[in-house]
Amino acid sequence: MEVLDSLSSTQRETLASFQAITNTDSIDEAVVVLNEASWDLQVAIAKIYDRPSSSSRPATTAAYDDDDTGAGEARPLMHDFGIDESDVMPPSGTGRGGGGGGIFYWVKKLLSIPLNIAAWPLGIFYGVAGVALGFIARLLRIRPGLASLRPRNPFTRDPHSAAARRRLLDPTAQSERWLRSLEEVVGFRSSVVSSSGTDLGDGVAGGSGSGNGGGSGSGLRSRESLGGGRGGIPDFFVGGYEEALKKAKDELRILMVVLTCEEHDDDRDFKRNVLTDSELLRALTNEKILCWGGDIRERDAYLVSKTLYPLAYPFVSFVSLQPVSRSPNGSSSSTPRMAPLHRHEGSPLNQTSAQTILSSLSNVVIPRASPYLSRLAQQEAARQAERRIREEQDRAYERNVKADTERVLKKRREEEERIREERRRVEEEEEKGRKEEERRVLRDKMRRWREWQRLVLQKEEKTAIATGGGFRVGVRLGDGRRVVRTFAQEDTVERVYAWVECALGEPGDAKCPPLENGTPTSSPTGYEHIYEFRLATTFPRVLIEIDGTAAMEKVGAVGGGVLKGGANLVVEGLEKRRESMGELGSDEEEEEEEEVDD
């Protein structure tokens, strides 16, 4: 358990696939081999079944060489996993060492002569016995590798042999080629098309093709019946045995493994009569059994045969997830692994017939695998439901957090907006109070200025009357009143404008309370009055300017002396004066406007 606890989920899946392929229960030994292979499943399996590569040859050729060094290195590892190397590797040759010298060399040569003479009849007996056992094996349909005295490796080192060309194909291409061969035997013509749109038909189906591993596991297959009334064949998985195991494990399905040998006498009968049986196809479809098959002449299927140990062909085995037995250290693992449930091998007339397979499927395989797979499915469904609930809770929590955050942000924005609005209101009130104070101060200065001008104008008028020589000027005001005053010849235009300004403001000033400091005796400090109206004669119309130096011009000299004998003037631009007084908030001007309207 400590070893499993230290592995990641990917490493656990690789370990389970390795145990299923090598049929080993030793977790510690499997982990050691996988660690040496850097957790590469193909490399680890090659360490078990293939001979290690030599530094002087490519790995694809050295893996199947028959040299003595490779067999000597591979045997101890295969022995640790309980695999008989005679099923995979031929016995190593005796070899010839270099010639020795001296007396020991001649003693060895002398002793080898009687041994060679005695071995000659033994060699003849060995050859005759091998031929006899091979003949008996063919009669009894026993696997040649088990009956032969000198087992052979089907993957020879001859680069021009068919086996050498087959081993270069990847597992997917090998599976596609086997399925193409099966479809041709049972009466289907298929066209395997890769995902790039290239037709792989002839290159895969032909056993003598170059085989460069170009088959694609994502290929599409279209079938066209060639006649014979066949109902079809099982939906075989196109890919390697390892991929089929992983798919069956992930989808919690039973895996049916079919191993055939095209050289076997019963191969065509099995493919045409058993694999096309309608009841068997219906059962495989209803039980959702995943099917995988291969020819033991191919490398992938050959390695599978070394795991499942078939005694005769055709061979059918059902593999499914099963609870793992206790490990060597006495602890048990909760991680299930793929294990064989039932097997059929031999003649399709009895041992591998469709009825026999159906009977074992319904009476042995399904009762044994379904409860455990159902329990695993329920556990997986419970985990999925728990995960969905947890995800829903997480989403609900995130929604609540988002809503709370938005609510807090909204309150914060509202509070900030309220503070800004309050600050703006205070600033507006302060600005309004400041402007109101400025207008009040300005109105007070204007009133003081008018009061001061009235006193000055009264004195000047008395002086002009007393000295004589003056002239009278009459002005029609905007409210209908007409005022008349006597000016001296030396009075300036500014004095006429000051008199009219005092006359315009007199009604409002009369309604205001008395000044706090009494009647002013001088102009307010820092105040300069601006006249917002203009004066002009009635006929002919002559505008009397006030801007610049015109304000200091003598009244008698204005307009060529138009005022010297007396004149009537009119006030122009009262609207501008009223607007200016309105901006200042002059109550007396508003009352004056009401009187003018009346």
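This is a predicted model: local features need pLDDT of at least 70, side-chain atom pairs count only at pLDDT 80 or more; totals for chains, interfaces and linings use all residues.
User: Let's start with charges. What is the idea behind a salt bridge, and how many does the structure hold?

Analyst: Side chains of opposite charge can pair when their charged atoms come close. In this structure there are 31 salt bridges.

User: Which residue does glutamate 391 pair with, and where do the two lie?

Analyst: Glutamate 391 makes a salt bridge with arginine 387, and their closest N and O atoms are 4.0 Å apart. Both sit in helix 16, four residues apart, which is about one turn of the helix. Glutamate 391 is partly exposed at 35% relative accessible area, and arginine 387 is partly exposed too, at 39%. For a network of salt bridges, find Glu431, Arg434, Lys435 and Glu438.

User: Is glutamate 345 buried or exposed?

Analyst: Buried means under 20% relative accessible area. Glutamate 345 has 19%, so it counts as buried. Glutamate 345 forms a salt bridge with arginine 343, with the closest N and O atoms 3.3 Å apart. Arginine 343 is partly exposed, at 33%.

User: Now threonine 352: where is it, and what is it in contact with?

Analyst: Look in the loop between strand 6 (337-345) and helix 16 (354-467). Threonine 352 has 0% relative accessibility, so it counts as buried. Beyond its neighbours within four places in sequence, its contacts include Phe270, Val274, Pro314 and His344. A polar atom of the threonine 352 side chain also lies 3.1 Å from the backbone oxygen of glycine 346.

User: How do I read a sheet, and which strands stand at the edges here?

Analyst: In a regular strand the side chains alternate between the two faces of the sheet. Here, an open sheet of five strands runs in the order 8-7-11-9-10, with mixed pairing. Strand 8 and strand 10 (543-544) are at the edges, each with a single partner strand, so one side of each has no neighbour in the sheet.

User: How many bridges join strand 7 to strand 8?

Analyst: Six bridges join strand 7 (residues 471-476) to strand 8 (residues 482-487), and the two run antiparallel. Phenylalanine 471 has phenylalanine 487 as its bridge partner, while arginine 472 is partnered by threonine 486. The two strands make a hairpin with five residues between them, and glycine 480 in the turn has a positive phi of about 100°.

User: Which residues form a nonpolar patch on the surface?

Analyst: Leu133, Phe135, Ile136, Leu139 and Leu140 do, with about 500 Å² of accessible area together. Leucine 133 belongs to helix 7 (residues 102-140) and is partly exposed, at 34% relative accessibility.

Note on methods:
Residues are numbered from 1 along each chain as its sequence is written. Side-chain values use heavy atoms; hydrogens and water are left out. Buried means under 20% relative accessible area, exposed over 50%, partly exposed in between (1.4 Å probe, protein chains only). A polar contact is a pair of N or O atoms within 3.5 Å; within protein, one must be able to donate a hydrogen and the other to accept it, and residues adjacent in sequence count only if both atoms are side-chain atoms. Contact means heavy atoms within 4.5 Å. Patches are made of residues with over 30% relative accessible area and no salt bridge: like charges are joined within 9 Å, nonpolar side chains (Val, Leu, Ile, Met, Phe, Trp, Tyr) within 5 Å. Accessible areas come from the Shrake-Rupley method with a 1.4 Å probe; for residues, only the protein chains shown count as cover. A salt bridge is a side-chain nitrogen of Lys or Arg within 4 Å of a carboxyl oxygen of Asp or Glu. Two strands pair if DSSP finds at least two bridges between them.
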